[in-house]
Amino acid sequence: MQLFTWGTNSHGQLGQGFESELLSVPTAAHIPEELQQSIAYNCQIAGGGNHSIVTSNGRVWAAGLDNSGQICSTEKKSASVFSEIHALAGCNVTSVACGWDFTLFLASNGNLYGCGSNTFHQLGITNKVVNGLINLHSLDHEPFVQVSAGLRHAAAVTNTGCLQIWGIEKYVKQLTDVTGVVKASCGQRHIVALTTKNKLLAWGGNNHGQCGQSSTTTKHIKEPLSIEWDESNGRIENVVSGWTHSLVLTDRQHVYSWGRNTYGQLGRASYDNSFLPKRIPELEGITLIAAGSEHSMALDKFGQLWTWGWNEHGSLGNGNTENQFRPVNISHYFPGRIQSIGTGAGHSFAIVE
């Protein structure tokens with residue numbers, strides 16, 4: 001297995017061994033031997049504003065900017081190659097979520113750890129300066145099963161379907177009456193939640209229609225509102241959010257999008273934003289989706305990778321820096337079948353056989 005990375009690399013977040021403005025085509029990263037050996041096992045990749053995290057077989061590696069401690073290095077130094085976070089040794093991390101300059105790590109036993117900036121209390125403590133890892137606790141001391149990070153806020157779901165929120169109260173305050181949550185996805189200033197009843201809820205910033213309502217008359221939605229969803233579209237399997245747009249994947253392997261489309265992140269030819277979920281017709285047989293700050297990705301059942309949206313720093317991996325309003329197939333850049341994908345704010349990843 002190989003890890004391919006592309007997009008913005010100003011702080012070495014692509015793990016290529018150097019810093020550069022960008023890489024516009026997928027390039028194999030330099031990864032340590034122990035990561036090379038384990039990357040095929042339960043691997044997840046995530047990125048923040050200028051850092052990247054890989055978790056595989058319970059262990060965690062990081063690259064990129066560490067000015068706020070977001071990659072948990074002992075000296076808060078940036079790294080252009082992936083190095084293991086030894087502070088998490090023995091925690092058996094199963095998933096990771098990256099905010100702009102902070103990171104959350106979910107362990108197999110339901111414990112949640114965080115590092116990096118806490119300027120907006122996104123790590124759940126009162127101290128704005130955080131040194132090393134901290135443990136984030138649920139209000140009812142229940143184990144967490146899923147976690148997401150936005151620009152300056154975070155959300156985690158417990159094993160009973162309750163939702164815990166940390167960060168900017170102005171946009172996404174803590175709610176006690178949201179239950180039955182399967183997954184939460186944080187954007188720049190909003191949250192989308194999927195429930196056990198196949199319902200989508202959203203609240204927070206709505207200036208670009210990212211909360212999935214019929215208009216943007218209400219710029220800030222204080223309480224969760226249902227997003228209109230036609231049950232004939234199928235059951236929702238996953239939801240992901242960029243800064244101001246969201247994608248859902250259904251059990252029919254179709255992709256729907258809504259929110260801002262200034263850079264083409266909705267996969268539509270028009271510049272117009274979309275207030276309600278609409279299907280991206282080119283995408284069939286999709287198994288995985290991912291959303292960066294303003295770009296989107298989808299992997300289909302044949303191992304083909306499709307990208308669209310903002311491309312100023314080469315985050316689409318198609319060899320140029322022009323925005324794309326329709327999905328483009330970039331599979332020809334890879335030497336084998338793609339197994340997994342991930343995104344940062346302006347960079348992207350793929351695990352390739």
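**Figure 1. Strands β3 and β4 in the predicted model.** In this predicted model, β3 and strand β4 (residues 51-56) run antiparallel and are joined by four bridges. One of the residues involved is A46, whose bridge partner in β4 is I53. The two strands belong to an open sheet of four strands, in the order β3-β4-β5-β6, with antiparallel pairing. At the edges stand β3 (44-47) and β6 (79-84); each has a single partner strand, so one side of each is left without a neighbour in the sheet. From one strand to the next, the twist averages 15°.

**Figure 2. Two asparagines with positive phi.** Which residue lies in the loop between β4 and β5 (59-64)? The residue shown there is N57. Its phi is near 55°, a positive value in a residue other than glycine. N57 has a relative accessible area of 47%, and because this value falls between the limits of 20% for buried and 50% for exposed, N57 counts as partly exposed. The second residue, N92, is placed in the loop between β6 and β7. N92 is not a glycine either, and its phi is positive at about 55°. With a relative accessible area of 37%, N92 is partly exposed.

**Figure 3. The largest pocket and its lining.** Rolling a probe the size of a water molecule over the atoms shows where empty space is left. The largest pocket holds about 890 Å³ of space. Its lining consists of 43 residues, of which Q44, I45, V96, K183 and V240 are the closest to the centre of the pocket. Which strands each supply at least two residues of this lining? They are β3, β7 (93-98), β11 (144-149), β14 (181-186), β18 (236-241), β22 (286-291) and β26 (338-343). Sorted by class, the lining of the largest pocket has 23 nonpolar residues, 19 polar residues and one charged residue.

**Figure 4. The second largest pocket.** About 180 Å³ of space lies in this pocket. Among the residues that line the second largest pocket are A62, I71, C72, S73, T74 and K77. The lining also includes A79, S83, E84, I85, H86 and A87. Strand β6 gives the most to this lining, with three residues.

Figure 5. Strand β13 (residues 163-167) has five of its five residues buried, so it is largely enclosed by the rest of the structure. In a regular strand the side chains alternate between the two faces of the sheet. Both faces of β13 are covered. Strand β12 (residues 153-158) pairs with β13 in the antiparallel sense, over five bridges. H153 has G167 as its bridge partner in β13. The hairpin of β12 and β13 has four residues between the strands, and G161 in this hairpin takes a positive phi near 85°.

**Figure 6. The sheet of β14, β15, β16 and β17.** These four strands form an open sheet in the order β14-β15-β16-β17, and their pairing is antiparallel. Which strands stand at the edges? They are β14 and β17 (220-227), and each pairs on one side only. The twist from one strand to the next averages 15°. Five bridges join β14 to strand β15 (residues 190-195), and the two strands run antiparallel. V181 has T195 as its bridge partner in β15.

**Figure 7. Aromatic rings around F4.** A pair of aromatic rings is described by the distance of the centres and the angle of the planes. The count for this model comes to six aromatic pairs. One of them is formed by F4 and F334, which lie 5.5 Å apart from centre to centre, with 75° between the planes. This pair is edge-to-face, because planes over 60 degrees apart are counted that way. F4 has a relative accessibility of 6% and counts as buried. F334, at 8% relative accessibility, counts as buried too. Ring pairs link F4, W6 and F334 into a cluster.

Technical notes
Residues numbered from 1 in each chain as written. Predicted model: local features only at pLDDT ≥ 70, side-chain atom pairs only at ≥ 80, totals over all residues. Heavy atoms only, no water. Pairing = 2+ DSSP bridges. Axes fitted to C-alpha atoms, helices over the stretch in contact; angles between N-to-C directions. 1 Å grid on protein atoms, 1.4 Å probe; cavity = no way out; pocket = protein on both sides within 12 Å on 5 of 7 lines; lining within 4 Å. Points joined across faces, edges and corners; volume = space filled by probe spheres on them. Nonpolar A, V, L, I, M, F, W, Y, C, P; charged D, E, K, R; others polar. Buried < 20%, exposed > 50% of the residue type's maximum accessible area, 1.4 Å probe, protein only. Phe/Tyr/Trp six-rings, centres within 6.5 Å; stacked < 30°, edge-to-face > 60°.
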